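Please brief me on this model.

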2 protein chains.
Amino acid sequence: MIDRYSPEKIYMQIAHAIESDLKDGFEAGDLYLSEKTLTEKFGVNRHTVRRAVEELVKQGVLEKRHGFGTFVAEKRLAYSIKGHQRLSQGIAENGSEVTTILLDKKIIAARGSVAEKLQLKNAEDVVQVDTLRQIDDKPVALISHFFPQAIVKDSFDDYESGSLGTFLAEQCEIEAKRISSQVNAAMPNSQDSFQLRMNSSQPILKVKTLNINVKTNELVEYSITRFRGDMIQLELLME
Amino acid sequence: MIDRYSPEKIYMQIAHAIESDLKDGFEAGDLYLSEKTLTEKFGVNRHTVRRAVEELVKQGVLEKRHGFGTFVAEKRLAYSIKGHQRLSQGIAENGSEVTTILLDKKIIAARGSVAEKLQLKNAEDVVQVDTLRQIDDKPVALISHFFPQAIVKDSFDDYESGSLGTFLAEQCEIEAKRISSQVNAAMPNSQDSFQLRMNSSQPILKVKTLNINVKTNELVEYSITRFRGDMIQLELLME
DNA sequence: TGCCATTTGTTCGTATGTATC
DNA sequence: TGATACATACGAACAAATGGC
């Protein structure tokens with residue numbers, strides 16, 4: 001199984017062997033073999049299989065959970081944003097169950113990019129709402145929403161979970177529309193990777209979006225969404 | 001220097017110690033201390049300093065060269081594209097000098113996603129053109145273009161460098177228009193990070209675009225663009 | 001050219017810590 | 001509480017790349 005005289009490093013040989021092993025009898029989400037089992041199977045030191053597995057984790061093929069085991073990673077979902085839709089609608093069209101969990105809500109003083117984007121003077125009050133978006137119970141996006149407090153007032157006292165778009169429409173009579181998005185690739189910080197339950201060596205797709213209220217033409221929401229890079233692909237369609 | 005009873009792992013303590021060490025007396029591009037020196041300085045095993053350095057390499061703070069040493073990484077510029085949906089034009093409107101370098105052109109048999117996107121039967125001929133886009137002599141994007149050979153014929157024999165869009169319009173009478181793009185975050189492969197002269201632990205923004213010829217409504221081009229994640233931000237504006 | 005010292009890379013061995021079930 | 005599995009850390013040896021002589 002392992003050629004000790006090959007110029008290819010043993011850990012890479014094992015990584016490749018595991019990859020073809022995965023194609024042949026494992027499905028996404030399955031628990032994979034333990035380090036001990038792999039050590040015996042390939043007849044190498046445990047460090048060497050760890051190095052091989054590390055390689056595959058870096059590639060997003062495997063995922064590990066301390067004290068539990070190593071898993072076959074989930075395949076990437078396609079996720080499309082069309083034209084002027086709100087993001088939540090984009091996901092919903094997928095036959096999958098989408099849930100939104102409230103992580104935090106608080107009032108902060110506007111500063112930096114939030115103040116700039118919402119065109120607020122420094123230190124004006126802003127409502128920050130952090131939510132976690134899940135598809136079929138798998139976290140895919142971590143979103144920080146920012147609303148000028150002068151516009152939404154105390155409405156968010158009641159918000160507990162579910163679609164923020166629907167809540168805004170019903171409680172605040174705000175019909176939000178996306179006017180611009182900025183997209184970039186980044187590495188997750190420890191908060192991001194913890195909440196998204198992802199490996200910190202995998203990238204995230206960061207989307208910063210500015211919304212106006214179509215009824216009043218005021219800037220009502222600035223949001224920063226961090227998508228799991230290994231699960232989400234944005235699709236942009238022109239007409 | 002190292003607290004063995006701290007809940008913070010030793011390798012992380014060392015990583016932080018190195019970071020503050022760097023701020024104090026090292027400049028970008030400098031050769032940093034060897035593993036042996038660090039081993040003695042911190043009084044830990046070589047594996048432990050390797051683990052610490054690995055962490056900083058992942059963060060893009062240090063870079064290593066086999067057989068030579070460890071360097072303080074160069075700082076990278078932030079660079080954003082503003083004001084446009086059309087990617088190639090978006091860059092040009094910026095007051096900076098944009099150059100396009102031809103890396104490779106060849107004829108291949110269509111297969112996989114290329115055949116699928118261009119709606120070609122398997123093994124139909126496709127012209128592949130790889131280019132490198134630079135802004136002010138800094139590489140920012142690596143692009144693979146695919147054209148059905150039946151449509152562009154031998155036109156590319158003449159192409160050497162410069163805007164492919166202009167070349168297509170003048171030489172082939174093709175006016176290309178983007179109809180869809182898929183955007184995702186990924187890690188670069190070794191080719192990508194070499195050509196883009198970037199750290200392989202930093203993410204790239206991958207944009208796959210399908211173009212039609214507005215004159216004939218035929219699918220004329222499928223392209224895969226790999227942007228340096230640390231230099232490029234896509235901006236999408238709605239109307 | 002070849003050899004040598006230095007430096008990073010790989011692999012083995014062993015022990016102990018910590019999370020999960 | 002115990003068994004299992006991954007995480008951290010130590011020690012040793014050799015391989016491979018680099019640069020200088």
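In this predicted model, a polar side-chain atom of B:H47 sits 2.7 Å from a base oxygen of DNA strand D. That is a polar contact, meaning a pair of N or O atoms within 3.5 Å; within protein, one must be able to donate a hydrogen and the other to accept it, and residues adjacent in sequence count only if both atoms are side-chain atoms. Local features need pLDDT of at least 70, side-chain atom pairs count only at pLDDT 80 or more, and totals for chains, interfaces and linings use all residues. Side-chain values use heavy atoms, without hydrogens and water; residues are numbered from 1 along each chain as its sequence is written, with chains lettered from A and ligands numbered from 1 in the order in which they are written.

**DNA strand D**

- B:H47 is among the closest of the 27 residues that surround DNA strand D, as are A:K64, B:R4, B:I10 and B:T48. A residue is near a strand if one of its heavy atoms lies within 4 Å of it.
- Sugar and phosphate make up 67% of the atoms of DNA strand D within 4 Å of the protein.
- A:H66 places a polar side-chain atom 3.1 Å from a base oxygen of DNA strand D.
- B:R65 places one 3.1 Å from a phosphate oxygen of DNA strand D.
- Helix 3 of chain B gives the most to this surface, with 4 residues. Helices (H or I, at least four residues) and strands (E, at least two) are DSSP runs, numbered from the N terminus.

**DNA strand C**

- The nearest of the 25 residues around DNA strand C are A:I10, A:Y11, A:T48, B:R46 and B:K64.
- A polar side-chain atom of A:Y11 lies 2.6 Å from a phosphate oxygen of DNA strand C.
- B:R50 has a polar side-chain atom 3.0 Å from a phosphate oxygen of DNA strand C.

**Chain A**

- Chain A contains 8 helices and 10 strands.
- Of its 239 residues, 46% are buried. Buried means under 20% relative accessible area, exposed over 50%, partly exposed in between (1.4 Å probe, protein chains only).

**Cysteines**

- The count is 0 disulfides over all chains. A disulfide here is a pair of cysteine sulfur atoms within 2.5 Å.
- A:C172 is buried because its relative accessible area is 17%.
- B:C172 is likewise buried, at 17% relative accessibility.
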